[in-house]
Amino acid sequence: MTRRDLMHKWLIYTLGLLPIWLLDAYILPRFPLLGTTPILLPVAVVAVAVLEGAHAGTGFGLGVGLLWALAYPGGYGSRVFLLSLAGMASGALCQYVLSQSLAGCMLCAAGVVALLDLQQILRLLLADLADLPSLLQVAVPEWLLSMLWTPVVYFLFRAIFRRVGGTKLA
């Protein structure tokens, strides 16, 4: 791919992230189910990493992590590192062990969202801001809702992947 093709490809991926971000930040929080809302940005990182591989997943995770840390209230810098790591691990896992498909995306997204929820739970427990049952009442429905939205996010990015001329595809 030429440099122009790469710039076009990542511009399209960024535009594809826009509706996910709008859903995540502005639309779904207005309609909470089970008392919570899904987290879609990590799922988007996983979807792109599954389709594009570890290197691209790391870069996309870095960009989405910056968005997540800067645009959301109470954002913290570890999200940048965590989403970069999630993109790298998901991309490598699906590229070499699992398959670059919806099933691989579902498995990786389940793990990434669970690890992010676990990190949040541990952070709040160590700061003594909440008790474990209360945190689990939020984390478990959040994980379930995120898994329900994973196919939607995956198929959006798979359509983009096919449109921009991806070389690998499940």
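Which residues does V153 touch, not counting residues up to four places away in sequence? V153 touches I20, L40, V43, A44 and A47, where contact means heavy atoms within 4.5 Å.

## The model

This is a predicted model: local features need pLDDT of at least 70, side-chain atom pairs count only at pLDDT 80 or more, and totals for chains, interfaces and linings use all residues. Residues are numbered from 1 along each chain as its sequence is written, and side-chain values use heavy atoms, without hydrogens and water.

## Helices α1 and α2

Helix α1 covers residues 3-27 and helix α2 residues 41-52. Helices are DSSP runs (H or I, at least four residues), numbered from the N terminus. The two axes come within 10 Å and cross at roughly 150°. Axes are lines fitted to C-alpha atoms over the stretch in contact, and angles run from 0 to 180 degrees between N-to-C directions. That makes α1 roughly antiparallel to α2 (over 145 degrees).

K9, W10, Y13, L17, I20, W21 and D24 of α1 meet L41, A44, V48 and E52 of α2.

## Helices α2 and α6

The axes of α2 and α6 come within 9 Å and cross at roughly 45°. On the α2 side, V43, A44, A47, V48, V50, L51 and E52 make the contact. From α6 come S146, T150, V153, Y154, F157, R158 and F161.

## The core

The largest nonpolar core has 38 residues. Such a core is a set of buried (under 20% relative accessible area, 1.4 Å probe, protein chains only) Ala, Val, Leu, Ile, Met, Phe, Trp, Tyr and Cys residues joined through side-chain atoms within 4.5 Å. Y13, L17, I20, L41, F60, V153 and F157 touch the most other members. The largest share, 9 residues, comes from α2.

Technical notes. Helices (H or I, at least four residues) and strands (E, at least two) are DSSP runs, numbered from the N terminus. Angles under 35 degrees count as roughly parallel, over 145 as roughly antiparallel, 65 to 115 as roughly perpendicular and the rest as oblique. Buried means under 20% relative accessible area, exposed over 50%, partly exposed in between (1.4 Å probe, protein chains only).
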